[in-house]
Amino acid sequence: MQYIKLGTTGLDVSPIAIGAMTYGDPGRGHPVWSLDEEVSRPLIKHALESGINFFDTANLYSYGSSEEILGRALNDFANRDEVVVATKLRHPMRPGPNATGLSRKAIMTEVEHSLRRLGTDYIDLYQIHRNDHATPLEETLEALHDLVKAGKVRYLGASSMRAWEFAKALHLQKQHGWARFVTMQHHYNLLAREEEREMIPLCLDEGVGTVIWSPLARGRLARAWDDAKSTARAETDGAYADLLYVSPDADRAIVDAVGAIADARGVSRAQVALAWLRSQPVVTAPLVGANSMAQIDDAVASLEIELTTSELEQLQRPYTPRYDWQGISDEAELQKLREQIPGY
């Protein structure tokens, strides 16, 4: 494994990250596709043995169970000083007041819960899990800065939001001398490239590394267009899945191009799709929610593929603009977008 720097920091991470939303008690999260601890541990161990040292989870994932499973596995199988543990906060974790958001109270509470569940005394990358428009941004940023200064967090990251919001946050952090966001975790793949308009240029200019969620478009890039198989997650993702991919003719052309290149090279479709991501500027690592050792091996094997200029053109040419939904967490706004989709 050839490790790379996380954005412009000095932190060494594998160019493949494991997305641990897949791992969690099915009774506390997603009963259809969450993997329990007995099944999850060998996968986490295999990722470590493959050289992967970058693991991402969130307090919300299976309501803390993902953090617990990941923490116990890393404590048993890894050297804590070598692995990079990322987690997130914002979404509601319990009923009642102060149970959600990015207020100072919520941040100081949730970091302690995450540290306990992960079984560690520090978090390498602490990320806000979308924005919180009910809390002053300055309050959130100063509280996060205090966590870094207290030694409970090493680096800060953000996730899907409007580019102008992220630019404002970076400006405030610089203005006040607060610890800055060093990563943006956002949605980006061959079927969803809207972030190339504003967010990616912003990250390039600011030296922010990006961590990619849904790099295989819920599995659509990993199988033939007419393949009836679908991932359990894709079938149960609800509102967001409805908005992700709504250009079927262009999508099919892209999926077919992935298949043609994969067949010509004698590799899997997933390897080609992940290799395309690695060729893009500022992409530090895709988050691979592997539910099998073969998927981990596929992701690692993608690091050996260097796509040609002709292959990149073949993959990128069919793309058409999509609905701009990034950063939207309000259900009413999502419904307005759904109503714009022909035939929805």
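Reply: Happy to! This is a predicted model, in which local features need pLDDT of at least 70, side-chain atom pairs count only at pLDDT 80 or more, and totals for chains, interfaces and linings use all residues. Residues are numbered from 1 along each chain as its sequence is written, and side-chain values use heavy atoms, with hydrogens and water left out.

Me: How far apart are the end C-alpha atoms of helix α5?

Reply: Helix α5 covers residues 163-176, 14 residues in total; helices here are DSSP runs of H or I with at least four residues, numbered from the N terminus. The expected span is 1.5 Å times one less than the number of residues, so α5 should span 20 Å. The model agrees, with the end C-alpha atoms at 20 Å.

Me: Which residue with a positive phi follows α5?

Reply: The phi in question is near 70 degrees. The residue that follows α5 is Gly177.

Me: Is Val300 buried, partly exposed or exposed?

Reply: Val300 is found in helix α11, residues 293-301. Buried means under 20% relative accessible area, exposed over 50%, and partly exposed in between (1.4 Å probe, protein chains only). Val300 has a relative accessible area of 22%, so Val300 is partly exposed.

Me: Which residues is Val300 in contact with, leaving aside neighbours within four places in sequence?

Reply: Contact means heavy atoms within 4.5 Å. With those sequence neighbours set aside, the partners of Val300 are Met1, Ser50 and Ile52.

Terms used. Helices (H or I, at least four residues) and strands (E, at least two) are DSSP runs, numbered from the N terminus.
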